[in-house]
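Keep the viewer open and follow along point by point.

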Amino acid sequence: MRITLNTLQKMMQEGDKITMLTCYDASFAALLEEAGVESLLIGDSLGMVLQGHESTLPVTQRDVVYHTACVARGAKHAFIIGDMPFGTFQLSPQEAFRNAAEIMAAGSHMVKIEGGLPMLETIEFLTRRGIPVCGHLGLTPQSVHQLGGYRVQGKGDTAAQRLLEEAKQLEQAGAGMIVLEAIPALLARDITAVLRVPTIGIGAGVDCSGQVLVLHDMLDIYPGKKAKFVKNFMRPGGSIQAAVAMYVKEVKAKTFPGPEHSF
């Protein structure tokens with residue numbers, strides 16, 4: 001049976017942690033859902049872990065559409081989310097709709113859009129036209145140059161309050177899920193508590209509705225520097241299947257992320 005947004009909403013309400021990993025091809029899609037991962041994200045992280053770029057910025061619409069189609073052919077049950085690449089949604093809601101529709105047609109069940117207040121009109125435009133949207137707050141990699149690097153966001157009372165308000169406004173605009181990246185764990189807990197939609201944490205503590213990691217990071221494949229919030233599940237797991245199963249188990253048991261993976 002296909003996992004839907006309603007399934008994830010019910011999991012959140014029942015306190016069952018949602019597991020998500022990035023995925024870019026059919027083989028891994030089948031393996032991940034067999035291990036119990038509920039949601040697969042075709043992340044623009046593919047620009048770094050597959051294409052060898054220094055950031056996510058060079059990823060194109062064509063790249064995401066291609067990899068979404070690959071994942072959709074391999075996943076029979078998981079909920080699929082396609083990242084909207086840099087430059088495909090910022091110009092106008094109408095352009096964002098055209099690009100989001102193409103990603104949905106490739107097999108995605110939801111699109112993810114980075115950014116807070118400037119994206120409210122676009123999120124409302126898309127959701128009113130039948131395209132589910134996952135928001136993304138905190139560290140937004142597509143804005144890495146504006147943020148001054150890959151830094152923790154929401155530190156201090158003013159910044160924390162701004163993120164909290166942005167999260168509420170994203171939900172009001174129609175976002176059905178929100179990724180919280182690299183923010184203090186206590187702030188993520190507060191945001192999760194006031195929202196009615198699931199939050200997915202990556203470097204945001206254990207109190208989010210679920211967790212996501214970049215597949216190549218948690219399997220210790222990517223040769224680049226790992227963020228504090230990354231755990232190598234391959235070392236204790238010993239195989240890809242065991243590593244993913246361990247990730248699912250630890251997220252469900254609320255033992256990952258631990259304090260050492262949080263800010």
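1. The side chain of Ser55 comes to 3.2 Å from the backbone nitrogen of Leu57. You'll find Ser55 in the loop that runs between helix H3 (46-49) and helix H4 (61-74). Bear in mind as you look that this is a predicted model.

2. Is Ser55 buried or exposed? Its relative accessible area is 12%, and buried means under 20%, so Ser55 counts as buried. Now look at Glu54, which also sits in the loop between H3 and H4. Glu54 has a relative accessibility of 76%, and the cut-off for exposed is over 50%, so Glu54 is exposed. While you're there, find Gly224: it is 170 residues from Glu54 along the chain, yet their C-alpha atoms are separated by 9.5 Å.

3. Next, helix H2 (residues 26-34). At its start, a side-chain oxygen of Asp25 reaches to within 3.1 Å of the backbone nitrogen of Ser27. Past the helix comes Gly36, with a positive phi near 105°.

4. Which residues of H2 are buried? They are Phe28, Ala29, Leu31, Leu32 and Glu33; note that Glu33 is on that list. As for what they pack against, the partners are strand S1 (18-22), strand S2 (39-42), H4, helix H10 (215-218) and helix H12 (240-252).

5. Glu33 turns up again around Ala78. Ala78 is in the loop between H4 and strand S3 (79-83), and with a relative accessible area of 0% it is buried. Setting aside neighbours within four places in sequence, Ala78 touches Arg2, Glu33, Val37, Glu38, Leu40 and His109.

6. On to helix H6 (residues 120-127). Its buried residues are Leu120, Thr122, Ile123, Phe125 and Leu126. The elements covering them include helix H5 (93-105), strand S4 (110-114), strand S5 (133-138) and H8.

7. How do H6 and H8 pack together? Their axes are 8 Å apart, at an angle of about 25°. Angles under 35 degrees count as roughly parallel, so H6 is roughly parallel to H8. On the H6 side, Leu120, Ile123, Glu124 and Thr127 make the contact, while H8 brings Gln169, Leu170 and Ala173. By type, that gives 4 nonpolar, 2 polar and 1 charged.

8. The crossing of H8 past H9 is right-handed. From H8 come Ala160, Leu163, Leu164, Ala167 and Lys168, and from H9 come Leu187, Asp190, Ile191 and Val194. What kinds of residue make up this contact? There are 7 nonpolar and 2 charged, with no polar ones.

Methods:
Residues numbered from 1 in each chain as written. Predicted model: local features only at pLDDT ≥ 70, side-chain atom pairs only at ≥ 80, totals over all residues. Heavy atoms only, no water. Left-handed = near helix turned anticlockwise from the far one by under 90°. Helix = DSSP H or I, 4+ residues; strand = E, 2+ residues; numbered from the N terminus. Contact = heavy atoms within 4.5 Å. Nonpolar A, V, L, I, M, F, W, Y, C, P; charged D, E, K, R; others polar. Buried < 20%, exposed > 50% of the residue type's maximum accessible area, 1.4 Å probe, protein only. Polar contact = N/O pair within 3.5 Å; in protein donor to acceptor, adjacent residues only side chain to side chain. Axes fitted to C-alpha atoms, helices over the stretch in contact; angles between N-to-C directions. Parallel < 35°, antiparallel > 145°, perpendicular 65-115°, else oblique.
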